[in-house]
Each structure stands twice: as structure tokens, then as C-alpha cells.
Amino acid sequence: SKATVSVLYWKGRGGMKPSTIRRVLFSFLLAWAVYVIGFRESLDRCEKATRKLLQSDSTRRKCYEQAASSEYETLTVVVAGMPRSGSTLVFNALRLLLNEVDPNTISGWHTELSAMPSQIGTKQSKAEHACNETRPPMDYLRGLRASILVKIHKLPEWTDLTKAPLSIPNVNLVVGTHRDLPDIARSLRAQGNWTLYIADDDLNDPELCVTKHFPKGARMFREDDWQNPSEWVRVATQWSRCFTAIESAVHEDVFYTLPHATSRTPADIVASLATRLSTFRGWTFTPEDISRISKRLAKLHPPSCSLLSPEIHPISHLHKGHIHDKQEPSPIELEGMMSIKNDPKLAEWRKAKGYV
């Protein structure tokens, strides 16, 4: 410790003998070794106690092990799209496709899946909880031996769920959806200013959307913000950066981009995703399957606009503002959209994605 070193320094009148330094270092290393060994032993004791409780707990249901189907491999699929880019449409197309082959499929928004372990009837003792409290939620879900479909908008949302990189073997497929930036900004405004205002300091942080979420306490965009064309650039910048962070974190063999999803037909979306899924063992779809699933996808609709109805459908994740009539842009919207098109940094992103 600093106190020990200070005492030794004082007793040596300004200097320590080499033998004294060796003794101090040896004591420190010995204490560290004892700590590490003790921590490992505590984990072993925790695991043994949990195993003993599992074997002796007569209140548990008996388990009769049944082999999972070998006809197909269970998949972990992530929909990682920009908001207002058709990511929910793609999520539902994948949900229907996955359920066609694997009826055990679990699907949901990342926060729902994170909360699921506490809701699926895991009967934990105190000892078990102590052992598992730091376990990533995805580890629980994989114990169900089912395909998993996760919807995210930002890379840290995946990390919170899994504590693991967005790559093989943690995930089989990442489907990215994007849309031209002026259209995304305009659509977010049409949702009732449904986006956060990210201040310049946070927006310039290279870790934003990589290891950091949007800052807590950030306010929502206000209508007067949209009156300033430069604020449209702010919105486009934050979401283009979030998509780029996901794109950069995923290996090209895993990443599959489905652009312009909002302007595609359900049949086109389902057929494209079915073709990509067919590269995995046991995931084959006939033309009849694709036609049937496309019709089911086209029948999905958001909740009623009644104040008494839920804001979001718990299965499809369509919310009240997902589908609305197309209207011509207002003068304010045209000016804001043009400011995005004229921004040189955003022009590079739009060109790389084929929008310019």
C-alpha cells in the first residue's frame, strides 16, 4: 500500500534497500494470488451449492431430456436497422419465416428479451441467483434451444443483451435496413418529433453508438428544432453513425443489407430473406411457403388510434404511427431535407449506400 511504501521510505531516510523492495513486492503478489484463488474457490462453492439444491429440491418439476430436432439448425438472427427504414417490416418477415421452420422461435425487441429470463418461470433459489446474476440474458434464452430473433437500432443494445460481440459464433445473421437520410429525418418528425436531441459534445464522441448509448436525460426533439435546417443534419448524423457502427462491427459473411425496405412489396422482402436463410442447414422454403408468408405479412396492421388502445402491438411491434398516408413535404421539410443533401459528410454516406 502507499502507507507501507511511505513508512519504508521514511525509515530508510529517503531510500529503500533492494531487499526491502523485494519483500514488499513479494507480499503484494502473495496477497493478489490469495485473492484470485479465493475468488475461484467461491465460484466453485457457488456452483456446487447450486447443483446440490437442484438435485434436492423436491418442489421442482421433473425434467425428461428430449433431443432437439436435428432437421434444422437453430439460428440467432438480428435485425439492426435505422429507425423509420422498414426494420419492423423486415423483423416481421423474418419472424414469420423463422416460425415456419422452427416453431420454438423467440422474437422481440432487445429490452423485452433482456427481461424475459425473469418472466419465463425459472425457479431460482438464492444460491442460484447469486451465481447467475451477472449471466447475460441471452445465455438463458439459448437454454430454450430455440431460434432467436432480436431487433435493435444501436450496437450497445446488442452488447447489453449478450455481453458478446455481434459476430460468429454469437450470431448467425445480421440483417441491416437503411433508408435515405432526408426521408428518415422527415419520417421521425412525422412521428411527433420521435427522436432524441444529441448535443454536439456527445455527437462528436467517437464511442457514441459503439460502446455508448444515447446520453441519459437527453431531451426529445421539439417542433421549433425542426424549424432550423441545421438540426435536420444533426438527426441524420446521429442515425447514420449508429448504422455505420453496426456495419463496422459485423463481418461481411454475417451481414446482409436489405435497403429500401419501405418501398418494397411484402413478397419481395420475404423472397429476399428466404433466399438468404436457405444458406443454413434445414432452412428451405418452397414458392408456396413464400406466397403464404407474404400474404400473412401484408395482413399485419398497427393498433387503433383510440386513446384506449395500446401504443404498440406486443407481437408484431407495429405502433400507431408505423403506417400513415403519404403527403407532399412542406416548405420547412423541403428546406431541412435539402440541408441533409448538401452536407458533405452525409453526402459520402449517401453515396456509399447508393442514394446519390
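The questions and answers below go from the overall fold to single residues.

Mentor: This is a predicted model, in which local features need pLDDT of at least 70, side-chain atom pairs count only at pLDDT 80 or more, and totals for chains, interfaces and linings use all residues. Residues are numbered from 1 along each chain as its sequence is written, and side-chain values use heavy atoms, with hydrogens and water left out.

Trainee: How many helices and strands does the chain have?

Mentor: Helices (H or I, at least four residues) and strands (E, at least two) are DSSP runs, numbered from the N terminus. Counted in this way, the chain has five strands and 15 helices.

Trainee: In what order do the strands of the open sheet lie?

Mentor: Two strands pair if DSSP finds at least two bridges between them. β1 and β4 (residues 173–176) meet this in the parallel sense, over three bridges, and the bridge partner of V78 in β4 is V174. The edge strands, each pairing on one side only, are β2 (106–109) and β5 (255–257). The five strands pair in parallel, in the order β2-β3-β1-β4-β5.

Trainee: At what angle does α11 run to β5?

Mentor: Axes are lines fitted to C-alpha atoms, for helices over the stretch in contact, and angles run from 0 to 180 degrees between N-to-C directions. Contact means heavy atoms within 4.5 Å. α11 packs on the sheet and touches β1, β3, β4 and β5. Its direction makes with that of β5 an angle of about 140°.

Trainee: Which residues does V174 touch?

Mentor: In soluble globular proteins, nonpolar side chains tend to be buried together. V174 is among the residues with the most contacts inside the largest core. Leaving aside residues up to four places away in sequence, V174 touches V78, A80, L166, V250, V254, F255 and Y256.

Trainee: Which cysteines form a disulfide?

Mentor: A disulfide is a pair of cysteine sulfur atoms within 2.5 Å, and a search of the whole structure finds one. One partner lies in the loop between α9 (200–203) and α10 (223–226) and the other in helix α11 (residues 229–249), so the pair ties together parts that are 33 residues apart in sequence. With sulfur atoms 1.9 Å apart, the pair is C209 and C242.

Trainee: Is C305 buried or exposed?

Mentor: The relative accessibility of C305 is 66%. Because of that value, C305 counts as exposed.

Trainee: How far apart in space are K299 and P266?

Mentor: K299 lies in the loop between α13 (287–298) and α14, and it counts as exposed at 66% relative accessibility. K299 and P266 are 33 residues apart in sequence. In space, C-alpha to C-alpha, they are apart by 10.0 Å.

Key: Buried means under 20% relative accessible area, exposed over 50%, partly exposed in between (1.4 Å probe, protein chains only). A nonpolar core is a set of buried Ala, Val, Leu, Ile, Met, Phe, Trp, Tyr and Cys residues joined through side-chain atoms within 4.5 Å.
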